[in-house]
Amino acid sequence: MPTTGNDSDIVKWLSIANRYTRIALDRRLQPYRLNASMYYYILRLHEQPRLTQDKLISLTYLNPSNVTRAVNQLVNLGYVRKRQSKLDRRVYELSLTKRGERLYPEIVKIRQEVANSLLTEIPAADHDALVDQIRQLALTAVANETPGSAQD
């Protein structure tokens, strides 16, 4: 289906929303020496302790080298522990350290506050539908640019 006048503006507005959301997250996460590219890993590792690095890569839709770099930074900051699997020496299992676990609630709070500031002009009843629509847009973008990918 061809795009109409304002359809292509979706790219512009998603880009602007992403940029300024990242700026807000970066500012709020700076005291912890984190940024908008790193906090997500702490959330996932809290939810799935002993997650393998390969599985984390598949959850992020990012280049493996970006994930490896972020994980190594989190290890150096003392938030994440990286251990070789006892079952398969080629695999690394990741988990939060005690310091990472203590930080988790603060990250959840910061993320919620940033989300709330984005949604102030949108009725609360519409939040879930909006998130579902944006998720679908993101998964479509991933599918369009990733050969053989399947949408979740």
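A pocket is an open set of points on a 1 Å grid over the protein atoms alone, where a 1.4 Å probe fits, with protein on both sides within 12 Å along at least five of seven lines; lining residues have an atom within 4 Å of a point. A volume is the space filled by probe spheres set on the points, which are joined across faces, edges and corners. This is a predicted model, in which totals for linings use all residues. Residues are numbered from 1 along each chain as its sequence is written.

**Largest pocket**
- The largest pocket holds about 2300 Å³ of space.
- Its lining counts 45 residues, and those closest to the centre are Asn 18, Tyr 39, Ile 134, Arg 135 and Ala 138.
- Two or more lining residues come from each of helix 1 (9-29), helix 2 (39-47), helix 3 (53-60), helix 5 (98-118) and helix 6 (127-145); helices (H or I, at least four residues) and strands (E, at least two) are DSSP runs, numbered from the N terminus.
- Helix 6 contributes the most to this lining, 12 residues.
- The lining divides into 28 nonpolar, nine polar and eight charged residues, where Ala, Val, Leu, Ile, Met, Phe, Trp, Tyr, Cys and Pro count as nonpolar, Asp, Glu, Lys and Arg as charged, and the others, Gly among them, as polar.

**Second largest pocket**
- The second largest pocket holds about 170 Å³ of space.
- Arg 50, Arg 81, Arg 83, Gln 84, Ser 85, Lys 86, Leu 87, Glu 93 and Ser 95 form its lining.
- Strand 2 (80-84) and strand 3 (92-96) are the elements that supply two or more of the lining residues.
- Strand 2 has the largest share, three residues.
- By class, this lining has five charged, three polar and one nonpolar residue.

Key: Predicted model: local features only at pLDDT ≥ 70, side-chain atom pairs only at ≥ 80, totals over all residues. Heavy atoms only, no water.
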